[in-house]
Amino acid sequence: MIGVGVPVAALVHSQVPSAFSGVAEGLTLVVLLSEFAMLRAPLSRSQIRLYSFQSLAVTALAAYVAAARGIPDLYALAVLSLGLKVIVVPLVIVRLLRDARVELVASNRLSVATMTLLAIGLAVFAVFVLGSLPVHSHSLPAAAFNLSAAVILVAFLLVIVRSDVISQAVGFFSLENGVSVTSLVVAAGLPLVVEVAFLFDLLVAVVVFGVLMRVHHGRTDTLSTDVLDRLKG
Amino acid sequence: MVAGAELSQPVIQVGQDLTILVFAPGVSGAIAQVEARFQGRRGPRVLQPYYDLAKLFRKETLVPEDASWVFLAGPVVAFMCYLVVPLLIPELTTYSLPLGYMGDILGGGFILALAGFSVALAAAETDAPYAQLGSSRAMTFAALIEPSILFVTFSVALITTTDLPYAEAAAARSSFAAAIRPAHLLAALAFFLVVLNDTGRIPVETHSSTLEFGMIDEARTLEHSGPALALLKWGSNMKQLILYVLLINVFAAPWGLAGSRQPGAIGLAVVVFLGKALAVGLVFTLIDNSFSKLRLFKITEFMAAAFLLAVLAVLVLFLGGGA
Amino acid sequence: MSWDLVVLLIGPAAVAVACWFVPLRAARALTVAAGAVSFALSVLLVPAGAPTTALSGWLRVDSLSVVFLVAVTFLYALTAIFAVGYVHPDGDTAARARYSRRFFAGLNVFCWSMAVACLVNGLALLWVAVEVTTVVSALLVAIDDTDGATEAAWKYVLIASMGLGIGLLATIVMYYAGAQVFGDAYELFYPKLLASAAHFPPAVVRLSFVLAVLGFGTKMGLVPVHTWLPDAHSEAPTPVSALLSGSLLAVSFYAILRFFQIAVRAVGPTFPRDVLLAFGLASLGLAALYLASQRDLKRLFAYSSVEHMGILAIGMSFSAPIAVVGVLLHVLAHAAAKGTAFFGAGSVVRKLGTKDITRIRGGIGALPWSGPMLVLAVLGLCAMPPGGMFRSELLIVSGGLADPADAVVAVLVVLVTVASLGLSFFGTQTMLGPTPDTVVKGETSWMVVTAMLLGLGGLTLLGVHPPGALSHLLERAAAELGAPR
């Protein structure tokens, strides 16, 4: 028994993170949680919506970092990313798939609980591997850096365990979101030209992914990638 | 600080117990009433649970053939457990009461688990298939939700370096940054899901259903009658309120507790606490009415979600952001 | 002399746009002209001792970039010539004309993006250019619109993009490393990074380098992230296969070398070399096994690419500067030899109507010019003299022998021998034997022959007597790659 008279506050040892890291980590967690949600989302439309939501969280993070660290360039980036990733990219995918008329993808190779446990394992791995690196600085929300690595690994899992073209494409786009979070956290000063080039590149990639998805659907009449098993050896 | 007009600590402690004991059926009644309104019904009176209990206590107890003494002891043991737990948790006061350090979060968890176990054991005493089904399901899902509870406990331990509910509440109260820190929010959210599961709410269970196949917790009491059933119902109301206490006063909103021992402050704390409990009940009702129940085999997904949140809480704490 | 960089930046892109509007014959001619001019401009850059910059520093070529620029534009010119003879030379129907238009536009954009990757100054723009090469080439892989092409294109674009996602992460981590020296906002220009790399935090640079090898290595075809490569190489139209193998893999290797350059200065040479050695040995070993049991002619050459990428990576792991010279020469020789080999394979496959090695016989009889030249190219790929690969592999091996404690070189020689056995056996047996009677003998187009002749000529030149300016260029580039004394 610890004794009645001990003031409880004296028991509180753990350091509270600053409000900046708190919010940055919170937004990164939202990104990570939406990645987990994509892992189980059964409908292609819900997956695209989740991607849009995730991009919104990334945009919010960009705006927040811009405000908190006084980097006006990032506002421009936030606006661009809002326009491109939250609105244009999902719209493009939805439009490309309008004539596909395949709603329920249900392409899980594993059960949801198994997938989630695997993903948790990957996230823990990412977090601890990066946590062992001396990437520290006063202005850096360290947890956000490690969590963005977790987002990237879970995106890989998404591409691996889901066998339909939508999930795989969304997996790649969300991988890019994870990298965006990393760049916002550790490289907020990246020149705007470069960031814009990245975004433009993503847009091109989206179009190409979309074209290939259409070609695939046109040839095989399905969104599943299970039929892609001819080439081996 | 005004001297003289202070309650002694044991009195407050008994007050905590009494608050749970007395108000638990009322809170359940109020929630049922709100729920009925949501569904466009008039619903039972708020005080209906008390009438039900009174009626059940007047009835005779029927014991199935072949059932041993465990069948009747189960409800009593569970009820006793629910009376012990309020001694351990920050219900009305910010400071801990004499027996408050008798058990930590794990201790409280063990006692709650013992209660669940004795009810399940009593149900297993009968030959009735639904009761058996209920007890086996309840134990299965209790085991599945256990990792989440553990990780919530870990995150509390990492935040406070203790596993005392009082310390966690104090940590969350200490500053705004502490209250919104991601680890705390994640742990709170994970615990919210745990409570959702433990109080038998949608998406895990339809608590007002009469369909035995979907039942988990409810099915366990099917064979009981009379005072034993009254104890079970009362106990389950108390369990719900205890879990609300943990959710509110440890994680979600540990404000409005009495800082002193004056009767006025304690009384105010009781009122505030009941208000918060009703608010939480309202949230649960909203969820109840906006989601559908998961298929039994999909419940593991729900458990996985709770586990994910709890693990993330611990992860975030392990990185520079926390400890 | 910075105008030629600008011409290189604009020329192919302009031609690509023009391909949509001018008559098809003009589009073909323009493509060949763009390839030849680009190659000529790159060759003009060879003697320059100092780095050339343009557009206020955003374009910059030093000796290292020139090596890869020459490799890319050489194959650009060859492929343009070959494609004119190979892709619907009698483009009569509307569908065929549309296909040709798309093809030539895509070809120019593809080569443009690879040239740009060598021209731009800075890791970030380099990544952007490499990602553009991915998406453009994925469309080119899919252009034939067969089941196989669709499957290969999807696998390629997905795996390569995921890999490049890791490459982007590497770039950002490197940016973070630089930010410890330069402060928060700066441009990722090479000279700046190289000058201060010694002060970067080593652990961060190590992370960045491993991520870069993994990410860009995916596009380079390093085992175990090579899985897209055989599919894309075998299913793409032949000119695209040649470009993928000869240029694209080289450009990805170039990206890795840029990270290597920084890493060597920041953390010393041992760690980057060990990483490359591990990937190189895996690539070489696996490719040697696959080469010994391959039935598809184009996949055979694809695995040969994996093999040669492995040789490049292993060569970089040797400490002697002569090995690095050998690696850079190997890049050029590989472009020439593999391009020619794919050209020949494409002609043979089209002539005999199958890619199955066990069923192709009598290639020499059917194709009096490209048949023998394919045999020569295959022998060149097996590093037979007088091809350029003989010289480059000799340099690499002697570089490896310079460090007597290194047993790796023995493994290298054994694996290369095994791989060459498989490649030469399967590659040449298709050419021998009686030609089936059903096959019409004769070449399809003299353009095809010209492209192969030029490729073999380049390969032989590299092997017999590399021009002095080129040798100096390779030495300067090797010096740029090495750790400063």
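Where is B:Thr161 found in chain B? The residue B:Thr161 sits in the loop between helix H5 (129-160) and helix H6 (165-174) of chain B, where helices (H or I, at least four residues) and strands (E, at least two) are DSSP runs, numbered from the N terminus. The structure discussed here is a predicted model, in which local features need pLDDT of at least 70, side-chain atom pairs count only at pLDDT 80 or more, and totals for chains, interfaces and linings use all residues. Residues are numbered from 1 along each chain as its sequence is written, while chains are lettered from A and ligands numbered from 1 in the order in which they are written.

Confidence was examined through pLDDT, the predictor's confidence in each residue, from 0 to 100. For the complex, the predictor gives an ipTM of 0.89 and a pTM of 0.88. Chain C has an average pLDDT of 90, with 98% of the residues scoring at least 70, and chain B has a mean of 86, with 97% of its residues reaching 70 or more. Within chain B, the lowest confidence falls in helix H7 (residues 176-180), at a mean of 78, and the highest in H2(B), at 94. Where pLDDT is low, the predicted coordinates should not be read in detail.

Chain A contains seven helices and zero strands, and buried residues make up 50% of its 233 residues. A residue is buried if 20 or more other C-beta atoms lie within 10 Å of its own, exposed if 12 or fewer, and partly exposed in between, with C-beta atoms placed from the backbone. Of the contacts in chain A with a separation of 6 or more, 76% are between residues 24 or more positions apart, two residues being in contact if their C-beta atoms, placed from the backbone, lie within 7 Å.

Chain B has eleven helices and zero strands. Its radius of gyration is 20 Å, close to the 20 Å that the globule rule gives for 323 residues, so chain B is as compact as a globular protein of that length; the radius is taken over C-alpha atoms, and the rule is 2.2 Å times the number of residues to the power 0.38. The C-alpha trace of chain B spans about 60 × 50 × 40 Å along its principal axes. In chain B, 55% of the 323 residues count as buried, and residues 24 or more positions apart account for 79% of the contacts with a separation of 6 or more.

Most residues other than glycine have a negative phi, and most peptide bonds are trans. B:Thr161, however, has a positive phi of about 60° although it is not a glycine, and B:Thr161 counts as partly exposed because 15 C-beta neighbours lie inside 10 Å. Phi is also positive, near 70°, in B:Asp66, which lies in the loop between helix H2 (48-58) and helix H3 (70-84) of chain B and counts as exposed because it has 9 C-beta neighbours inside 10 Å. In chain C, a cis peptide bond with omega of about 10° joins C:Val223 and C:Pro224, and C:Pro224 is in the loop between helix H8 (202-220) and helix H9 (228-235). A cis peptide bond also joins C:Pro385 and C:Pro386, with omega about 10°, and C:Pro386 is placed in the loop between helix H15 (370-381) and helix H16 (388-401) of chain C.

A further loop residue of chain B, B:Glu205, lies between helix H8 (182-198) and helix H9 (226-252). B:Glu205 is buried, because 25 other C-beta atoms lie within 10 Å. Leaving aside neighbours within four places in sequence, the contacts of B:Glu205 include B:Asp217 and B:Lys293.

Apart from neighbours within four places in sequence, B:Ala313 is in contact with residues including B:Phe151, B:Leu186 and B:Ala190.
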